[in-house]
Amino acid sequence: MKLETTYKSNNYPIIIEHHALDQLHDYIKNYQDIVLVIDQKVENEWSHITEFIASEYEAHKLIVPSGETTKTLSFYEETIESLLSKQLTRNTCLIAIGGGATGDFTGFLASTLLRGVDFIQIPTTILAHDSSVGGKVGINSKHGKNLIGAFYRPKAVIYDLNFLSTLPYSEILSGYAEVYKHALLNDIESVNHMEAQYSDEQALKSLDEIEYYLYKGVQTKLNIIVADEKESNVRKFLNLGHTFGHAVEYKFKIPHGHAVMIGIVFQFIVTNIMLNKSFNIAHYVNYLRGLNYPLDIVNDLEFESLYKLMLNDKKNDEQGVQMVLLKDIGDPIVRHVDYKTLSKAFAEFKSYFNK
């Protein structure tokens, strides 16, 4: 399966299939230098593949820590100085092989190295179906997640589904949150179909038909980002569940998708309060429990510290915290949410998880 962005210029392909790596040659054959930036866990499992690519194209290999520990200013400085010591030219391509954090970090390296070199995304997780598309790259600050970054498009996204065969269930859960988010942004039929397909942990572990849902998720994101690349309007909808979720993720260092799922539930409660809706919160809490999301973290959440982190969210403006809310499934809006409403929603949120 292949999708293509439809900007006015500088478009890139998104290839989603088993053995997609067979097409890598078509996109890197003309570069003078190639650097593989590889997630440590991926290297542990797939070194036979990364070693083949490195030898086939005489590429440099750079192994980076897994997860968000890569996305720091100190590690960025260490890495970019190392790359500069190799006397690379601007005819260089960085290739991110890993999950969302590896892609974010590699893209930010590419956007700043020699004032910009090309990069290619080779996502290896379900979560990265979201982060590898759209051209958002960046690292974290002590003030919050992804506050240092740029909009910088890859030259290609090559999503080889073979990599998913070694994903631990924790990573499946993390990635599923973004797939589920895309369904919520589409329509109730998409959500019902997905909940029926992946009704419990055993069903989700199987990853049956995951190709279809990944394709639909990427398609949903493309429809939004092509209309609004720089997040001035509808692209904000992709932040569903992220305002509260990012605060939880940053505070407790839990996987991104686990935090986003928690954020999605919180959003439904805010929506019920602000928009006088009647979403069935127990349904979503029970669905998360049925999939065996680790929800014990909710007992440790404390409102004031999370509120301060929400205030630092880059989507905010002078009026304060902005959140994406669902008027109905498939009908998102962006609203400012005041302290009193957030505090009330948080108390109700905690009560659902303590039942």
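This is a predicted model: local features need pLDDT of at least 70, side-chain atom pairs count only at pLDDT 80 or more; totals for chains, interfaces and linings use all residues.

Modeller: Residues are numbered from 1 along each chain as its sequence is written, and side-chain values use heavy atoms, leaving out hydrogens and water.

Biologist: How many residues does helix α9 have, and which of them are buried?

Modeller: Helices (H or I, at least four residues) and strands (E, at least two) are DSSP runs, numbered from the N terminus. Helix α9, residues 210-225, has 16 residues. Buried means under 20% relative accessible area, exposed over 50%, partly exposed in between (1.4 Å probe, protein chains only). Among the buried residues of α9 are Tyr213, Leu214, Gly217 and Val218. An α-helix has 3.6 residues a turn, so residues three or four places apart point the same way.

Biologist: Which strand is joined to β10, and by how many bridges?

Modeller: Two strands pair if DSSP finds at least two bridges between them. Here 6 bridges join β10 (residues 322-328) to β11 (residues 331-336), and the two run antiparallel. Met323 has Arg335 in β11 as its bridge partner. The two strands form a hairpin with 2 residues between them, and Gly330 in the turn has a positive phi of about 90 degrees.

Biologist: Is Leu207 buried or exposed?

Modeller: Leu207 is buried, at a relative accessible area of 13%. Leu207 lies in the loop between α8 (201-206) and α9 and, although not a glycine, has a positive phi of about 55 degrees.

Definitions and conventions: The expected span of a helix is 1.5 Å times one less than its number of residues.
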